[in-house]
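Please walk me through this protein model. Start with its annotated domain, then turn to its pockets.

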Amino acid sequence: MKVNGKELAVEVEGSGPAVLLVHGLGGTSNFYQVQADALAATHTVVRVDSAGAGRSDLAEGISIESHAEDLLGVMDELGIESAAVVGHSMGTLVVRTFAARHPERVRSLALLGTVREPADAGRQAQRDRAAVLRADGTAAVAPGVVANGLSETTRTQHPEIAAFVRELVMRQDPEGYARNCEALAAATDPGPVDPSLPLLLITGDEDKVGPPDASRELADAHGSATLDVLPGVGHWTALEAARPVTDRLRAFL
């Protein structure tokens, strides 16, 4: 789909109220495969590979804000007036930015593995990762993503999930991944979520990237959010806890 001058890979399935699923750094729309299959029974499920990620083309000027505007463009192209919006990891910053800029287009917000605006060390780490990707490719960063992003429980008891995350990362275009790392390095806090907007937060108790405290802070500022901290789960929430995440999203929506 041509959106804002970019070719984006967009999948649409099911019928009913729209749900927009937004992946995180190093991911693709396939991150949500289990949830998409379940939600398509009752909803129109829209999944997008963000610019520079997955099957979408490389683009100039990739940023949190540009991704948010691309979501608006996708909805306009599909004739969707409003949607429940789900974001993971870096995608939580994207969808929060989208909701802040275009509140009339968002019916509810669900955040998986919420991340904060990076601290200085985190910004430098993302810039360093971008340099490694350009010099050595995705194989050089995949082991670190698996080691740091997944819980010990997942790595030992569900090695197939670790294998899938490794494949997701290694299949990325190195330059596109690098530009998205730089987008995260430049990210700023989108601000609190509007208290009138229904908010669901799901994270893992072993999430080192989006620690539970980040979700608690947003929930406390919101005032009436639903917060679930899943035991034995790391940062790749929808893969590591596929059934619990699916059940919670279906109940929320």
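The unreviewed UniProt entry annotates residues 17-146 as "domain: AB hydrolase-1". Positions are given in the numbering used here, and such annotations may be inferred rather than shown by experiment. The span is 43% helix and 18% strand, and its end C-alpha atoms lie 34 Å apart. Helices (H or I, at least four residues) and strands (E, at least two) are DSSP runs, numbered from the N terminus.

This is a predicted model: local features need pLDDT of at least 70, side-chain atom pairs count only at pLDDT 80 or more, and totals for chains, interfaces and linings use all residues. Residues are numbered from 1 along each chain as its sequence is written, and side-chain values use heavy atoms, without hydrogens and water.

Now the pockets. A pocket is an open set of points, on a 1 Å grid over the protein atoms alone, where a 1.4 Å probe fits, with protein on both sides within 12 Å along at least five of seven lines; lining residues have an atom within 4 Å of a point. Grid points are joined across faces, edges and corners, and a volume is the space filled by probe spheres set on the points.

The largest pocket has a volume of about 590 Å³. It is lined by 24 residues, and V115, Q126, R129, L184 and V209 are the closest to its centre. Helices α4 (120-136), α5 (142-149) and α8 (174-185) each supply at least two lining residues.

The second largest pocket has a volume of about 150 Å³. Its lining includes R96, T114, V115 and D189. Helix α9 (residues 212-222) gives the largest share, four residues.
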